[in-house]
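Good morning, everyone. Please take a moment with the sequence and the model on the screen, and then I will walk you through them.

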Amino acid sequence: MTNRIYLKLKAIALSKKAKYVYQASLQMRFKAAMTLVLISLLFLLPRVWV
């Protein structure tokens, strides 16, 4: 009985950790995408103005 509860808790902890890691990777990807957009804008804007 106690072993089953322990496994259940372990599974919950793992799923929470996986969720956190997934969200963190999403945030990193979003930041990287935003950085790329900003860099491309900085390169494109002067050409548009000139």
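I will begin with the overall form and then turn to single residues.

What you see is a predicted model, in which local features need pLDDT of at least 70 and side-chain atom pairs count only at pLDDT 80 or more, while totals for chains, interfaces and linings use all residues. Residues are numbered from 1 along each chain as its sequence is written, and side-chain values use heavy atoms, with hydrogens and water left out.

The secondary structure of the protein comes to one helix and zero strands, where helices (H or I, at least four residues) and strands (E, at least two) are DSSP runs numbered from the N terminus. The radius of gyration is 22 Å, well over the 10 Å that the globule rule gives for 50 residues, so the protein is more spread out than a compact globule; this radius is taken over C-alpha atoms, and the rule is 2.2 Å times the number of residues to the power 0.38. Along its principal axes, the C-alpha trace spans about 75 × 5 × 5 Å.

How much of the protein is made up of buried residues? Buried residues make up 0% of the 50 residues, with buried meaning under 20% relative accessible area, exposed over 50%, and partly exposed in between (1.4 Å probe, protein chains only).

Let us now look at some residues along the helix. Arg4 is found in helix α1, and it counts as exposed because its relative accessibility is 65%. The C-alpha atoms of Arg4 and Lys17, which are 13 residues apart along the chain, are separated by 20 Å.

Leu38 also lies in helix α1, which covers residues 2-49, and at 51% relative accessibility Leu38 counts as exposed. Ile39 is found in helix α1 as well, but at 40% relative accessibility Ile39 counts as partly exposed. Between the C-alpha atoms of Ile39 and Leu26, 13 residues apart along the chain, the separation is 20 Å.
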